[in-house]
Amino acid sequence: MQFHEPQLRRLHALAELGEPLVTDELDSPEVRRRLRDVDVLMTSWGCPRLTAERLAAAPRLSAVFHAAGTVRDLVSDDVWRRDILVTNAADDNAIPVAEFTLAAIIFAGKGAPFLAQHVRTHRDDWSGIDRAALSNRGGTIGVVGYSRTGRRVVERLRSLDVDVLVADPYVSEADVTTAGARLVELSDLLLACDILTLHVPALPSTRHLVGATELSLLRDGATVINTARGAVLDTEALEKECAAGRLHAILDVTEPEPLPASSVLYELPNVMITPHIAGSLGSETQRMSDSALDELERFVSGQPARASVDPSELEASA
């Protein structure tokens, strides 16, 4: 999926490759033998964690180029102790998520996902729709998390005539203002927004960041969009609000994932659920491969990496 002919040509031009070896683990005798001669790993989703034992099998390893987003589950402390360069393609993975989110915001403003459900059950009469309330002009969008994706969402919202609020304790007011948004406290954002979109990483500190108390601050008819991680939103609290008809939701991620078959969210006409498709899929994944290959090219030519991972920042990022 990630390496088609153009990517493979670049890879062969930049590196010496041994005979192809298909494997889903790093501990077999054959893989460990091959690791002895490895200078660089190019990894992606599903790569086993680089533990001290596995790193010991690769004494020459000096760089890991991750052709995907977060390296949180890939990199152990031993990688940093070895002073191994690590890069990722999180910036590139944020692009389709931001595109999906913008589409979700526009659809939410028009009520499209929910009215699609409505017309299925009201096939002979569409007169009950409050069309005056359907608009993407003059609304307030609340962006929680000025992350890689959050920043791109704010940039794309410039194409709409909306007021954009941002809540994030790690960003400067100047950065947000320059992007055309306003930095506010989370509670103020929740009270003001018509559409809430979440873009924070899944960390112990962000678990259920938006729970019953936070959802209660949202105005009647507001829409909650989650393309981040399911754990940042309290599912039980959201179920209650949506079941009461007070809030709408567009969820690409859930907790757990998938939701139990008994979840009321599946049945509600004011809820749209997609199966974790906002991130890079299909040909979009090749954008991340190209990014990893760019890093490999810089490494080979002695240039500094552009997307190196700073271990000190992992506590507050994906």
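# A first tour of the chain

Colleague: Which residues does C193 touch, not counting residues up to four places away in sequence?

Modeller: Touching means contact, with heavy atoms within 4.5 Å. This is a predicted model: local features need pLDDT of at least 70, side-chain atom pairs count only at pLDDT 80 or more, and totals for chains, interfaces and linings use all residues. Residues are numbered from 1 along each chain as its sequence is written, and side-chain values use heavy atoms, leaving out hydrogens and water. Leaving aside residues up to four places away in sequence, C193 touches T140, I141, G142, L218, R219 and A222.

Colleague: Is C193 buried or exposed?

Modeller: C193 sits in the loop between α9 (186-192) and β7 (195-198). Buried means under 20% relative accessible area, exposed over 50%, and partly exposed in between (1.4 Å probe, protein chains only). C193 has a relative accessible area of 0%, so it is buried.

Colleague: How many helices and strands are there in the protein chain?

Modeller: Helices (H or I, at least four residues) and strands (E, at least two) are DSSP runs, numbered from the N terminus. The C-alpha atoms of the protein chain fill a box of roughly 70 × 45 × 35 Å along the principal axes. Of its 318 residues, 45% are buried. The count for the chain is 12 helices and 10 strands.

Colleague: Which residue gives T101 a backbone oxygen 2.8 Å from a polar atom of its side chain?

Modeller: T101 belongs to helix α5 (residues 90-110). Its relative accessibility is 0%, so T101 counts as buried. Beyond four places in sequence, T101 touches V153, T197, H199 and T227. The backbone oxygen at 2.8 Å comes from V97.

Colleague: Is α5 roughly parallel or roughly antiparallel to α12?

Modeller: α5 packs on helix α12 (residues 285-300) at an angle of about 160°, with the axes 8 Å apart. Axes are lines fitted to C-alpha atoms, for helices over the stretch in contact, and angles run from 0 to 180 degrees between N-to-C directions. Angles under 35 degrees count as roughly parallel, over 145 as roughly antiparallel, 65 to 115 as roughly perpendicular and the rest as oblique. Therefore α5 and α12 are roughly antiparallel.

Colleague: Which residues make the contact of α5 and α12?

Modeller: Look at both helices. On α5 and α12 in turn, the contact is made by D92, N93, I95 and P96, and by R287, M288 and S291.

Colleague: How far apart in space are P113 and I250, C-alpha to C-alpha?

Modeller: P113 lies in helix α6 (residues 112-121). At 10% relative accessibility, P113 is buried. Beyond four places in sequence, P113 touches F107, I250 and M272. P113 and I250 are 137 residues apart in sequence, and their C-alpha distance is 8.3 Å.

Colleague: What is omega for the cis peptide bond of E255 and P256?

Modeller: P256 is in the loop between β9 (248-251) and β10 (271-273). P258 is placed in the loop between β9 and β10 too, and a cis peptide bond joins E257 and P258 with omega about 0°. For E255 and P256, omega is about -5°.

Colleague: Is D83 buried or exposed?

Modeller: D83 lies in the loop between α4 (77-81) and β3 (85-87). Its phi is near 60°, a positive value in a residue other than glycine. With a relative accessible area of 69%, D83 is exposed.

Key: Polar contact = N/O pair within 3.5 Å; in protein donor to acceptor, adjacent residues only side chain to side chain.
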